[in-house]
Amino acid sequence: MKKYGVNELRQMFLDFMESKGHLVKGSYPLVPQGDKSVLLINAGMTPLKPYFTGAEIPPRRRMSTCQKCIRTGDIENVGKTARHGTFFEMLGNFSFGDYFKKEAISWSWEFLTEVVGLDADRLYPSVYQDDDEAFDLWNQMIGIPKDRIFRFGKEDNFWEHGAGPCGPCSEIYYDRGEKYGCGKPGCTVGCDCDRYMEVWNNVFTQFENDGKGNYTELASKNIDTGMGLERLAVVVQDVDSIFDVDTICSLRNLVCEVAGKEYGKVYDHDVSIRLITDHIRSATFMISDGIMPTNEGRGYVLRRLIRRAARHGRLLGIEGTFLTRLSAEVINGSKDGYPELEEKKEFIFKVLKNEEDQFNKTIDQGLKILAEMEEEMNAKGEKVLSGDNAFKLYDTYGFPMDLTIEILEEKGYSIDEAGFKTAMDKQRVAARSARKVSNYMGADATVYDQIDANVTTEFIGYDSLTGDSKVTVLASDTELVESLAEGQKGTVFTEKTPFYATMGGQEGDKGIIKTGDGIFVVESTIKLRGGKYGHVGYVESGMISVNETVTLKVDTQGRKDTCKNHSATHLLQKALKTVLGSHVEQKGSLVTPDRLRFDFAYFQAMTAEEIAKVEAIVIEEIEAGLAVCTNVMGIEDAKKSGAMALFGEKYGEEVRVVSMGDFSKELCGGTHVSNTAEIGTFKILSEAGVAAGVRRIEALTGNAVLEYYKKQEELVNEAAKALKASPAELLNKIAHLQAELKAAQSENESLKSKLAQGALGDVMNQIVEVKGVKLLATAVDGVDMNGLRDLGDQLKEKLGEGVVVLAATNAGKVNLLVMATEAAQKAGAHAGNIVKATAQIVGGGGGGRPNMAQAGGKNPEKVPEAIAAAAGILEGMLK
């Protein structure tokens with residue numbers, strides 16, 4: 001048997017399935033489209049749910065893919081064993097009401113034995129215990145002896161996921177030989193050891209589960225098969241694990257080279273090597289699909305993967321950043337199957353480098369916080385770090401728990417792991433409850449689910465803003481109806497429409513639908529699965545009915561303004577790439593008749609000069625009067641032409657390419673001006689950060705810019721009037737007022753300082769000694785926190801060495817300040833811990849550094865008690 005490589009096996013499978021009449025599609029993005037039931041695509045069938053349920057008509061009844069997948073359920077075990085990983089590729093062939101068990105079983109056997117060349121005598125099928133049909137096909141059609149076909153129960157050989165389509169499975173196992181086995185006498189298919197490896201799983205989706213354990217036969221039966229590409233490679237290449245197959249082994253060897261370690265020598269080193277190898281694969285693919293590191297959702301999954309890899313790099317002794325070098329190897333090994341990796345290479349490296357740098361800073365910050373937690377435990381005589389504190393380190397600073405445990409163990413401390421788990425579970429429950437899921441496809445159930453999947457809409461709005469068409473479906477808020485009367489809200493579906501539906505960042509059209517005796521006002525236009533366009537609004541007068549021919553009219557001015565803003569967005573994106581660099585990538589946009597918003601991946605705020613330069617370039621291209629041309633072409637031809645594609649977007653076989661002269665070329669289904677001169681002009685209103693590594697620009701075009709300047713002029717005139725100056729004199733007037741204000745503030749601060757000293761009086765006779773450390777604890781009235789800090793500095797200087805505790809009552813509230821000199825700290829004093837304890841007495845809280853800390857409280861009557869307690873609190877922490 002030839003030892004085919006991963007890239008060869010992928011192509012062999014897809015070519016085989018194509019020869020059997022399947023439409024071969026590229027992998028869908030890792031980000032689910034319209035499915036809130038999962039954060040990331042975790043199986044080959046997940047993006048195809050609408051086809052399985054009949055909600056959408058598939059492009060062909062037979063399809064095949066190699067789907068990139070991520071599963072993090074066993075993330076804690078990754079590295080510890082060679083079995084676990086978070087990233088894998090799933091080979092799959094799917095039938096939507098076409099072929100069934102006979103073909104699926106026959107083709108799986110043919111591919112494994114005749115195409116790949118696996119030894120038939122080492123292959124063992126399994127079936128669901130009650131699936132006699134599958135058993136007979138394996139026995140009588142394929143010729144497998146009955147004693148080599150295994151029947152397993154529901155847990156192993158029946159696929160279901162709550163309510164929805166489900167059915168029995170038939171898996172194929174390969175006997176890898178005794179060298180991979182456990183050596184036990186009863187070792188056979190189903191054993192937990194690595195000898196019998198499952199390589200193929202045929203799921204026969206023939207039932208519908210109502211979620212209560214009741215099953216009914218599906219009228220249209222489906223096939224969903226899955227085969228892990230890496231697992232198949234393990235079998236074909238006869239290697240120990242997924243970390244030993246050709247492409248992954250090459251990456252693993254690079255990790256070893258960077259770390260200066262040899263694989264297979266030290267278990268702890270192997271754990272880190274495997275973890276880094278796996279996690280950098282997941283991270284590279286996630287970023288290529290537009291996922292950014294954040295503190296929630298799939299962004300948090302990515303952040304955790306990158307930071308775990310970076311942390312294990314430290315454990316291996318790798319200095320500095322190293323993940324981009326490894327990512328380059330991932331791209332090199334997988335770009336044949338996933339060309340988007342090469343296309344997005346520069347951006348992937350930028351995101352990885354930025355996150356790795358950020359983690360190197362936060363891990364050092366986390367070490368400082370942990371040191372303070374240690375001091376706090378030491379002051380209280382405790383030896384166990386609380387679960388809440390451990391989780392704070394993990395959640396806020398990205399500090400892995402195992403690192404916390406390791407550091408604490410070296411100093412004789414431990415961690416409340418149960419408490420940490422409780423805090424973690426609390427967060428997971430909150431995250432799950434935030435995801436509302438109410439149907440099988442991970443979308444909120446709506447009245448639109450009742451519409452026949454064959455209903456579709458032809459969009460004619462590129463060329464016309466009016467059109468006649470027949471009403472196909474009407475829906476109220478709760479049900480499908482035959483008609484809607486005056487005053488009723490609802491959604492109108494027609495065979496054709498000139499109304500653009502909200503998608504691709506462009507807001508849907510508004511307008512009216514004229515009936516024989518009335519008007520339906522369209523407030524928004526939406527696009528549903530299967531190409532259905534819904535006109536959402538209300539009946540202003542008369543009535544509208546199903547099968548009635550109506551006239552649809554788009555709001556002309558609204559569409560024109562939207563076109564201006566959309567075309568300007570294209571010019572803006574190219575200008576940003578010109579000024580900031582080609583690695584700038586679109587992360588989202590909003591185009592309405594009033595304004596445009598553009599989100600892009602960039603890791604720092606733009607300077608005023610950069611903003612001005614981008615704005616100038618856009619205006620220059622508007623004034624150049626560039627022709628805007630749209631061409632429909634194949635996706636590969638579009639990419640070859642240099643058209644920019646949106647991150648993580650799944651395009652059809654044919655796409656629209658919008659070109660603006662030689663300046664901009666993008667894949668886009670939106671509506672545009674015919675010449676950039678129609679945009680008029682352009683103004684950037686703001687540039688700000690909206691998420692980690694994501695910036696947002698808000699801008700205006702055309703008449704909206706003129707309105708903006710008109711309002712600005714009005715504001716300037718009002719300001720001039722208020723300051724009793726002309727607009728031309730405003731700056732001088734403001735400068736003069738600022739100088740006056742600064743002088744008044746300086747005089748005020750000086751007076752407050754004198755008043756504070758006067759209110760305090762001579763307190764140096766109140767100094768006491770606590771275990772050889774001088775303590776001055778006193779109270780003062782009517783001083784704010786700034787005044788208290790000034791007093792503290794003066795008293796600390798007079799004290800020389802020791803601790804100052806000050807309490808001030810001001811407007812019914814308490815301000816506390818504690819300062820400790822260096823000698824006092826060496827003796828055990830900690831300002832943060834002292835202020836925390838005294839704040840509790842006055843009904844407040846606070847904290848801070850060992851040398852200085854402040855707090856607040858709400859019980860002024862308790863101030864004498866707090867001052868009196870200071871000596872005892874200090875005594876408790878002195879050595």
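The charged end of R148 sits over the ring of Y124, 4.7 Å from the ring centre. Here "over" asks that NZ of Lys or CZ of Arg be within 6 Å of the ring centre and within 35 degrees of the ring normal. K383 does likewise with Y413, where its charged end lies 4.9 Å from the centre of the ring. This is a predicted model, in which local features need pLDDT of at least 70, side-chain atom pairs count only at pLDDT 80 or more, and totals for chains, interfaces and linings use all residues. Residues are numbered from 1 along each chain as its sequence is written, and side-chain values use heavy atoms, leaving out hydrogens and water.

**Aromatic pairs**
- The structure holds 27 aromatic pairs; rings of Phe, Tyr and Trp (its six-membered ring) pair if their centres lie within 6.5 Å, with planes under 30 degrees apart called stacked, over 60 edge-to-face and the rest tilted.

**F16 and F111**
- F16 and F111 form a tilted pair, 5.4 Å centre to centre with 50° between the planes.
- Helices (H or I, at least four residues) and strands (E, at least two) are DSSP runs, numbered from the N terminus.
- Both F16 and F111 are buried, meaning under 20% relative accessible area (1.4 Å probe, protein chains only).
- F13, F16, F111 and W200 form one aromatic cluster.

**F87 and F285**
- F87 and F285 are stacked, at 4.3 Å centre to centre and 25° between the planes.
- F87 belongs to strand β3 (residues 87-96) and F285 to helix α8 (residues 267-288), 198 residues apart.
- F87 is buried at 3% relative accessible area, and F285 is buried at 0%.

Conventions
Buried < 20%, exposed > 50% of the residue type's maximum accessible area, 1.4 Å probe, protein only.
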